[in-house]
Amino acid sequence: MSGKVYLIGAGPGDFGLLTLKARDVLARADVVVYDALANASFLSFAGKNAERIYVGKIADQHALKQHEINALLVAKAREGKMVARLKGGDPYIFGRGGEEAQELLQAGVQFEEIPGISSTIAAPAYAGIPLTHRDYASSVTIVTGHENPDKAQSAINWSALARSASTLVFVMGMKNLPFIVRNLLAEGLPADTPAALVYRGTTPQQRSLVSTLEQLSEEAKKHGFTNPSVIVVGKVCQLHDELNWFEQRPLFGRRIVVTRAREQASGLAARLQELGAEVIEFPTIRIDPLPDESRLDQAVAELASYQWVIFTSVNGVRFFWKALRRQGSDARALASCRLVAIGPATASALEAHGLHADLVPEKYVAEGVVEALRKQGPLDKARFLLPRAARAREVLPEALREAHAVVDVVPCYETVPEEAPRQEVLDRILAGEVDCVTFGSSSTVENFLSLVPAAVMKEHPSVLLAAIGPVTAQTLAQHGLAAQIQPENYTIPHLVDALIAHYGK
């Protein structure tokens, strides 16, 4: 049985620039053969049982030589496997994808090429440099800068490039930048021609500058530009300052650790990335069902005896709904109950099941909840059900009992420590490569500090701590740490707003 090889372009690094077709092929592949990608997160699209083989080549460090990669692709396909050959950028633009395709064809192996967005167009675009513009350039020439300057005769027609009035884009050329500049000037390109550099385009590490062709080498050295950088030469570079949208985002370049549970982190991570941050996911807790759910099932069976059900989190809604479904019930089982949602996210989770919260308190602390409930009617002898985490603070139930309400606290899930990649985050903190750590609950604080000691955080005050609310901030304080960023409203969207407000200064 013959397999098939897909030559896939992973794009220049931005997670959102991978094509839908590439994502779908990765999900079905038996084997993923990948280079040193600008964004290794693309591997998360591969199935958990897919074989992953690294064959990256960086400068003179080759995991496998090209002929060995070709042989590997052929061998895996002949085993009848579907192979995803994942390459940075586009396979056919300085990616040697054409050579691999020829080898597969010669070996009688089926193949398909899935284009990727090349850094040659994406990096300038993210730096505000359109490669063509009616007022400046009507053509683009893409050139490899990876040529030995000591060769007797260059393979590049420098005279034609200098006379073309085309936008010139050089890749893999930082080592040869003086050589490139010298040849263009020698062939008559004006010294004051606008020129630009874009380092790690489309990623949170992106940096860019615009100079003149004559000064470009000196500016590159002065500002520490190295590979991987794209070199752009032409009048379109003048638009950089006007159109440079990517580097103007409010959290651009900030490196932010997200400690939420893995199943909850994606929304926050996506929003931070959209605002320009580099997100370092460090899930410190995992949300698990209880080993014994009989108590929750009993509470669900007795719903008619409660006047109020208070949901304190999205997870509480999720596991409560599962308990309803286990008993063959649905939203109708709550017909006699009034519902409280602590926070808009919890209210939205109820809405997803066709349930409208009767009350969403403006303040999410216990006193605010009780105050809002008092306005709804007397609490004396009113029966409340609180489905929530197995281990949680008793402040709200105690406040309700002080108001003479009858409260049943029923655990419906538990938070357990997650096996987070401790060393990677610890190393980045020690190296000064983290700007902020976000905490969405007290449990994330406790579990983070069990992996990264409070003493380490105290020794690195430049790493700011962001707490979703006063309870979480208080937990930090118990470890001798202060939350420098805290929203007035205790929700994830408001936490993001607080980060913007802080770094916007």
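By the criterion applied here, in which a side-chain nitrogen of Lys or Arg lies within 4 Å of a carboxyl oxygen of Asp or Glu, the count of salt bridges comes to 21. The model is a predicted one, in which local features need pLDDT of at least 70 and side-chain atom pairs count only at pLDDT 80 or more, whereas totals for chains, interfaces and linings use all residues. Residues are numbered from 1 along each chain as its sequence is written, and side-chain values use heavy atoms, with hydrogens and water left out.

Among these salt bridges, the side chains of Glu-51 and Lys-81 meet at 4.0 Å, N to O. This pair links distant parts of the chain, with Glu-51 in strand β3 (residues 51-54) and Lys-81 in the loop between α2 (66-78) and β6 (82-87), 30 residues apart; helices (H or I, at least four residues) and strands (E, at least two) are DSSP runs, numbered from the N terminus. Lys-81 also meets Glu-79 in a salt bridge, at 3.2 Å, N to O. Glu-51 is partly exposed at 32% relative accessibility, as is Lys-81 at 25% and Glu-79 at 48%, where buried means under 20% relative accessible area, exposed over 50%, and partly exposed in between (1.4 Å probe, protein chains only). A further salt bridge joins Glu-99 and Arg-96 at 2.9 Å, N to O, and its partners are partly exposed, Glu-99 at 34% and Arg-96 at 41%. Asp-35, Arg-85, Lys-87 and Glu-100 are linked in a network of salt bridges.

Turning to the chain as a whole, the protein chain holds 19 helices and 21 strands, and its C-alpha trace spans about 95 × 60 × 45 Å along the principal axes. Of its 505 residues, 50% count as buried. The largest nonpolar core has 30 residues, of which Leu-303, Val-309, Phe-320, Leu-334 and Leu-385 touch the most other members; a nonpolar core is a set of buried Ala, Val, Leu, Ile, Met, Phe, Trp, Tyr and Cys residues joined through side-chain atoms within 4.5 Å. Two or more residues of this core come from each of β15 (285-288), α10 (294-301), β16, α11 (314-326), β17 (338-341), α12 (344-351), β18 and β19 (406-417), and α11 gives the most, with six residues. In soluble globular proteins, nonpolar side chains tend to be buried together.

The structure holds 14 aromatic pairs, defined as rings of Phe, Tyr and Trp (its six-membered ring) with centres within 6.5 Å, where planes under 30 degrees apart count as stacked, over 60 as edge-to-face and the rest as tilted. The rings of Tyr-126 and Phe-246 have centres 4.7 Å apart and planes at 55 degrees, so this pair is tilted. It links distant parts of the chain, since Tyr-126 is in helix α4 (residues 119-126) and Phe-246 is in the loop between α8 (240-243) and β13 (255-258), 120 residues apart. Tyr-126 counts as buried at 11% relative accessibility, and Phe-246 counts as buried at 3%. By contrast, the pair of Trp-308 and Phe-384 is stacked, at 6.1 Å centre to centre and with 5 degrees between the planes. Trp-308 in strand β16 (residues 308-311) and Phe-384 in strand β18 (residues 383-389) are 76 residues apart, and both are buried. Tyr-126 and Phe-246 also belong, with Trp-245 and Phe-252, to one aromatic cluster.

Charged groups also lie over aromatic rings, as defined by NZ of Lys or CZ of Arg within 6 Å of the ring centre and within 35 degrees of the ring normal. The charged end of Arg-383 sits over the ring of Tyr-306, 4.7 Å from its centre, and that of Lys-322 sits over the ring of Phe-319, 5.1 Å from its centre.

Some backbone features were also recorded. A cis peptide bond, with omega of about 0 degrees, joins Asn-227 and Pro-228, and Pro-228 lies in the loop between α7 (216-222) and β12 (229-233). In the loop between β10 (194-199) and β11 (207-212), Arg-200 has a positive phi of about 45 degrees although it is not a glycine, and Arg-200 is partly exposed at 35% relative accessibility. Thr-202, in the loop between β10 and β11, has a positive phi of about 75 degrees but is buried at 2%.
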